[in-house]
There are 2 protein chains.
Amino acid sequence: MAVSIKDIAKIAGVSPSTVSRALNNHPRISEGTKAHIQQLAKEMGYVPSSIARSLAVQRSATIGVAVTDLTDPYYIGLIQGIEKAIAAHTYQMLLNSFYRDPDRELEVVYDFHQRRVDGVIVTGSYIENIYLDPDNNFFKPVVIINSLTYPHSVAVDRATGMRKLIKHLIDLGHRRIAHVTQPRDGMERLEGYRVALEAHGISVDPALIVPCDGGIMGGLTAAPVLMNLAHPPTAISCFNDLTAIGVINALHRHKCRVPQDISVTGFDDLEMSAYYNPSLTTVRQPANRVGERAVEMLIRLINHKNNVEPEIVQPRLMFRDSTAPVSLSTATSS
Amino acid sequence: MAVSIKDIAKIAGVSPSTVSRALNNHPRISEGTKAHIQQLAKEMGYVPSSIARSLAVQRSATIGVAVTDLTDPYYIGLIQGIEKAIAAHTYQMLLNSFYRDPDRELEVVYDFHQRRVDGVIVTGSYIENIYLDPDNNFFKPVVIINSLTYPHSVAVDRATGMRKLIKHLIDLGHRRIAHVTQPRDGMERLEGYRVALEAHGISVDPALIVPCDGGIMGGLTAAPVLMNLAHPPTAISCFNDLTAIGVINALHRHKCRVPQDISVTGFDDLEMSAYYNPSLTTVRQPANRVGERAVEMLIRLINHKNNVEPEIVQPRLMFRDSTAPVSLSTATSS
DNA sequence: CTGAAAGCGCTTACAG
DNA sequence: CTGAAAGCGCTTACAG
């Protein structure tokens, strides 16, 4: 269909080998023929086939990225960093989401292998052990984002982030602090919450821990559950910023003011969160940077550098307007 | 490196052709050998090479997607729809952004052609004429999202959306209506703004039209410019929701209440916008659906169906809490 | 139902 | 500096 190296060779009166070398700036080729062939290629509208090249050289210059959820802005931040770094290294990105379905995750990564990507990145894997098992034919390196156990991973220390955030609330005088958790991905944060409370001699009240789906809707449904408690919280720490926004919306409907009547915290620090009303106190996960680091790590692995170590990055607290000292009225009434 | 069809053939004692057919469920193959070979393939950890297959069958089952800006949630909505539809058709997606750089757009699409994608989708192209030019060797179909002139495109009628939105403001009594525009991508919306004003006998005041970058920051800087006018607006229509959020933030800093003192409108209807405070009056662009439609159209083109016509989808107005009747004080003072 | 052969479009060690 | 040949891992028309 398209013009090939052979077509050019025929017209130029040289061998295909020569055309290939001319096009690839091979050192041992006369300047004359090189120029001529490159000119000819342009005229003939030659577009090299990377797929034929990939077959010959046994690398595709492609990285497969399997992402947890395209609907969650946090993962988008990861993708931004990944895409930028991949492009900077002149790779291409095959992108797929698996929407928290382990079977789909496996399918996607298997398909990446069929397509002979040079490596894969997966965010929030549910099946990381499978990648470790040698007889699964996953013969390409895979880097996992946000695993604490996988050897090739870059992760944010969320437990510590949440622990500090809860400490902030305690310092503000809060004692009844709720946590809206996401059962699949929120275990580290929940742990940080527990550790912080216990470190301050506050016992964990199971009634104050409610599950959510990780989106705005989850916050919307979680808040009423908490506010209808006989003994409601004075602060609500949320799985992420989206949940916090849902919680704040529900609170407003309950005529609860944030932060005057109740404090609310997020997690992620989405771009929007600084401009929400009230602006969100939250934990910044440096998603772009984590994405970039994952690509760097993967490329080291692809190039068989063996000095790769798991990376853990510390998140940073962002104190803003959605938290305040516990209000006297609420605190005494509780 | 990995096991190939030939390896299997050797062990099974059949020809590679037979292995290929067994693996592909070819009709004329005995059940016995088929089962045996499939079993063997599994045992040997065979992972077929789609890249070799692509070379042989001359299709890659891959679609290239070039997207304007990965940082803008509107485009993410498009990508969600695209990814879903691509996966449903068992294609794979190669994703790249070009961040509004026409040269980069061309590079990306050229690279897609090198990789022999079966088709490409580009959002908000800056170089659509190039795709039309027959001697550019773009021998694969390309569908453009949001072009009004390209023959294979699906677009939202933004001019009409904006026109209706402005009419809504006029119906609320507003006469001094500003528009925060984005010079590259906002021309249709600006046009809708103009047409609406003129249709109601309101002359367009150039001082009320200010440019922005399409993000929150743009709104943040545009609002003060408008409020410092001798004759400030009573309503501000924004390029998109992000801009509106920036504008509202800046307004709050100016001690202006939205919508009591001034109305603000967005465009896009991001998920967040219904949960912003105040919730945003805006125009919904059905990004997911547009993305899906673009994939459907592209696949028709790939399969050489010739009944493809440009699609234009009508957006829908979402009336919420960021707009209100013009306040008497402000209106009379102006 | 199965095999030998040619081909997809490149690259690259080996000769010259 | 250039060419002939083999190979990357598949598919598929042509015979049998």
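The surface near DNA strand C divides into eleven nonpolar, eleven polar and five charged residues (nonpolar: Ala, Val, Leu, Ile, Met, Phe, Trp, Tyr, Cys and Pro; charged: Asp, Glu, Lys and Arg; polar: the others, Gly among them). The model is predicted: local features need pLDDT of at least 70 and side-chain atom pairs count only at pLDDT 80 or more, whereas totals for chains, interfaces and linings use all residues. Residues are numbered from 1 along each chain as its sequence is written, chains are lettered from A in the order in which they are written, and side-chain values use heavy atoms, with hydrogens and water left out.

DNA strand C is surrounded by 27 residues, of which A:Ile5, A:Ser20, B:Ser17, B:Thr18 and B:Arg21 are the closest (near: a heavy atom of the residue within 4 Å of the strand). Of the atoms of DNA strand C within 4 Å of the protein, 62% belong to sugar and phosphate. H4(A) gives the largest share of the surface near DNA strand C, four residues (helices are DSSP runs of H or I, at least four residues, and strands are runs of E, at least two, numbered from the N terminus).

Around DNA strand D there are 26 residues, and A:Ser17, A:Thr18, A:Arg21, B:Ile5 and B:Ser20 come nearest. The side chain of A:Ser17 has an N or O atom 2.8 Å from a base nitrogen of DNA strand D, and a polar backbone atom of A:Ala56 is 3.4 Å from a base oxygen. The largest share of the surface near DNA strand D, four residues, comes from H4(B).

Between the protein chains, the contact (heavy atoms within 4.5 Å) takes 54 residues from chain A and 54 residues from chain B. About 4,900 Å² is buried between them, 58% of it on carbon and sulfur atoms (accessible area, 1.4 Å probe, lost on putting the two parts together, summed over both). B:Ile51, B:Gln92 and B:Tyr275 supply 15% of the area that chain B buries against chain A, more than any other three residues. Zero salt bridges are counted between the chains (a side-chain nitrogen of Lys or Arg within 4 Å of a carboxyl oxygen of Asp or Glu). The side of chain B that touches chain A has 29 nonpolar, 17 polar and eight charged residues.

Definitions and conventions. Polar contact = N/O pair within 3.5 Å; in protein donor to acceptor, adjacent residues only side chain to side chain.
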